[in-house]
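Dear colleague,

I am handing over the structure below, and after it you will find what turned up when I went through it. Please read the notes with the structure open beside them.

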Amino acid sequence: MTASDPVAARADDVWKVYGSGEAEVIALRGVSVTFQRGVFTAIMGPSGSGKSTLMHCLAGLDSVTRGEVRIGETTVTGLGDAGLTRLRRDKVGFIFQQFNLLPTLSAKENILLPLAIAGRKPDDAWFDTVIRTVGLQDRLEHRPAQLSGGQQQRVACARALVARPEVIFADEPTGNLDSRSGADVLGFLRDSVRQHGQTIVMVTHDPVAASYADRVIFLADGAVVDELHDPSPDMVLDRMKKLDAPAEVER
Amino acid sequence: MLLLALRTFRDRWPVFVGAIVTVCLGVALVQSSLLTLVSAATAKVPPGLSAAEARATGDGYAAAITLLGMTLGLAFFVAIFVVSSTFAFTVAQRRRDLALLRMTGAGRGQVRTLLVGEALLLGIIGSALGIALGLPVMRLQGTMLTTFELAPPGFTGEWRSWIVYVSAGTGIGVAVLGVLTASRRASRVRPLEALRDLGGAARVMTASRWVIGLIFLAGSIALLILVPAVGGEAALPLSINATFTLVTAFALFAPLVVPVVAAPFGALFRGRLGVLAHANLRNGVRRSASTAAPIMVLVAFVVGMAGMTGTMSEAGRLETVRDLRADLVLDTPGSALDRVVGAPGVTAVSEEAPVSFDIAETGDPDGLEWESTSGIAVDPAAYAVTHRVAPTAGDVADLRGATIALTPSAASGFRVGDLVPVRLAGGPASLRVVALLPDTLVGPAALLPADLMPDGPRRYVVRTSDPAAAGAALAGVGQVSTTAQFIAEANSEQQKISTNIMVALLGMAMVYTVIAMINAVVIAASDRRAEFAAARVTGLTRGQVVAAALAESLAVVAIGVLLGAVSAIGTIFGMASAVRDMVGVGVVTVPWSMIGAVVVLATVVVGLTSVLTSLSATRTPAIRLVAARD
Ligand SMILES: Nc1ncnc2c1ncn2[C@@H]1O[C@H](COP(=O)(O)OP(=O)(O)OP(=O)(O)O)[C@@H](O)[C@H]1O
Ligand SMILES: [Mg+2]
């Protein structure tokens, strides 16, 4: 990666088809989208519009049917298992709605897991910064079951941030949280973008959550249909209503 | 990664304790059988015994060695089977965790290293405990053998220091082997599976599972075809081998059977519970198959052995019924021919004296291999009147002087007119074959002429026109019984021996499978707290959740019993056709009472364990668990 390259991730005419014959579902139909480095992007759209699918394809968790995906300078499409493993280890981080922590490890161990797997030494100063940002100083030795949902999600955020990946993909990270915890999580996701130049792509249903982002992409029926910059919740809500309306009429 | 392994240990201890228990017991069983076998093989006949006693002791050891060889084979098989299915299961259970590891950047190699490392650790701990446990188990095995008179009195297994390496190698090797294929599969887990269930359970029947299953099935069929061909003493061990391969084949195919059995269960338990139990069975194919595995082994071996020995002893009884043409049988400590002949109504008497001797398997005088044989010395004319005699070659009437009539179980490869080298106390060094007799289950293996009759116990087989009077007259001479009584006694004696052999052979291995059953249920339940909690949150009472789990486990018992019984019946039929080829008696004994006993045992053990574990898994209020998911 070169600092001059402003693109952290991009999808080029990406199609994703699940199943075949009767059971065929076209989840993505020719999605082309670019994610700039150091930008917080939200992806919105009705349920089933292909948000999660797009994210999985971007992150190399799922293969694309047609088109090409790149993360930084790496062409994800066509990578073998070893290449994808390296990609996940070195270039991307994940935060999911289900917090996806290893139940057997403490918060601290969960946070350091990606580094341990990669055999990298944690940068102590950065670790402290991350922990302070997410406010987990006195919860490090607890295990996931002993933490609240919001705390667990903060652990997941810290885990993604501490490895300083090229891109962090977050799928409805606040979907399970109350507005207060959600605001906390969103706050430091935004801070990590503003202060540390982290790139984040976040799927969300919540207009308020989307308003934390620098840019919102709207997906409907597997295609990008709209885009907003520096959104406010009202603007987002407005666009969402427009998106939902035609669908309602069709039904 | 090491830390992860240790932490996983801490948290999933029921699973790992289960795995350690299976390794430990498996090692103890194998070690004890091996030490006992080696001790029997190297046992010296104590000096100062009479020739006959020394021969009896030597024969006792020879029989014990055969039995222990089978026990060892069985111990090995059951240990490998139980340990590998347990380990494969523990890996399958952690699919989600492993997917998450892959998501955070772990490579396939790292996942595999983690799992193999774990297996290594479990293998070491299990082996260490197993080596210690092996000592009391060996003592128990020795006691069992002498109590059942399957080994000479005073026999005990002895400790050898080299066994430590064998046991450690076995335990660690079996654990690692067991996890190897599972880890290969686990390393293929897709990271996305941490997020969604991609229906991994549906693909339990992989191509390699099919291929290996079919190979084992084909091998079993080949063995079962071979059983009648080899016949004789090799039939039983070969049938047991066929049981090994059949059980393995059916274990591999178990996932196919799960839905088949699940369907009627769904119909049986209608309503919400039935639906739930049915869905759980279908989705937990791997879990169901793993829990069914030890049940299958138990049923296959217990029912198979009972059926095989039952078939043999029933065939033996029918053989005697067919061949014995007399009214009374009299056993005396010494010769009493005159008194027997003088008894009322006697028309024919065959005097028979047991003779133990060695016979050379090969005619080659340099490399003689002596085989201990027991025959009887008879007067051929009287014998032919009181017994059905149907030689396949030669004529029994020629039994005079230094001659012998042979069955294939005494020695094969000789023809009429050949000289057979023998070691016979006070007799010639070789005997000329005058007749070849058909194979027999009840003996004798050879007939010798009256000239070679030693002093000592006699049996008189008597035909008389007045059995009651003759019986009364002979009662003072020795132990007299009517033919019917004699056959019944011999049969019940044979059955007692069969039962003893079965207990000695299978006892420990079967205790092992019962523990493995409990183990499998506990391991399976340890993973299901969240699932149970979800069921309760959706409105099931605790009792209903426990009932659904019970229904599910009963279906699993049904699967295990079904597959085990099919394997057993395969081997029983193999044995029956071997018996028919040997002695021309067609009979199949299905041990219904044994099947019933095993079914009850498995149902009670699995059902009880299932209820207890699901009760304990639902002890925590459901909502706490749902909230703490992940
Ligand atoms: N593994 C799969 N097999 C078949 N179809 C799938 C699979 N995964 C997703 N789909 C289908 O693809 C479409 C897009 O799914 P996706 O999960 O991307 O939606 P989404 O926008 O994330 O919805 P939500 O907001 O509800 O999470 C849906 O119609 C879904 O049913
Ligand atoms: Mg989604």
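B:Ser614 is buried, because its relative accessible area is 1% (buried means under 20% relative accessible area, exposed over 50% and partly exposed in between, with a 1.4 Å probe and protein chains only). This is a predicted model, in which local features need pLDDT of at least 70 and side-chain atom pairs count only at pLDDT 80 or more, while totals for chains, interfaces and linings use all residues. Residues are numbered from 1 along each chain as its sequence is written, chains are lettered from A and ligands numbered from 1 in the order in which they are written, and side-chain values use heavy atoms, with hydrogens and water left out.

B:Ser614 sits in helix 17 (residues 592-617) of chain B, where helices are DSSP runs of H or I with at least four residues, strands are runs of E with at least two, and both are numbered from the N terminus. Leaving aside residues up to four places away in sequence, B:Ser614 touches B:Phe532, B:Val546 and B:Ala549 (contact means heavy atoms within 4.5 Å).

In chain A, A:Phe188 belongs to helix 6 (residues 179-196) and counts as buried at 4% relative accessibility. With residues up to four places away in sequence again not counted, A:Phe188 touches A:Thr133, A:Val134, A:Arg154 and A:Cys157.

**Helix pairs in chain B**

Helix 2 (residues 13-42) of chain B and helix 3 (residues 51-93) of chain B pack at an angle of about 165 degrees, with axes 9 Å apart; axes are lines fitted to C-alpha atoms, for helices over the stretch in contact, and angles run from 0 to 180 degrees between N-to-C directions. Helix 2 of chain B and helix 3 of chain B are therefore roughly antiparallel (over 145 degrees; under 35 is roughly parallel, 65 to 115 roughly perpendicular and the rest oblique).

For helix 5 (residues 108-147) of chain B and helix 6 (residues 163-187) of chain B, the packing angle is about 155 degrees and the axes lie 8 Å apart. That makes helix 5 of chain B roughly antiparallel to helix 6 of chain B.

**An annotated span**

The unreviewed UniProt entry places the feature "domain: ABC3 transporter permease C-terminal" at residues 72-189 and 505-621 of chain B. Across residues 72-189 of chain B, the end C-alpha atoms lie 37 Å apart, and the span is 81% helix and 0% strand.

Terms used. UniProt positions are given in the numbering used here, feature names are shortened, and annotations may be inferred rather than shown by experiment.
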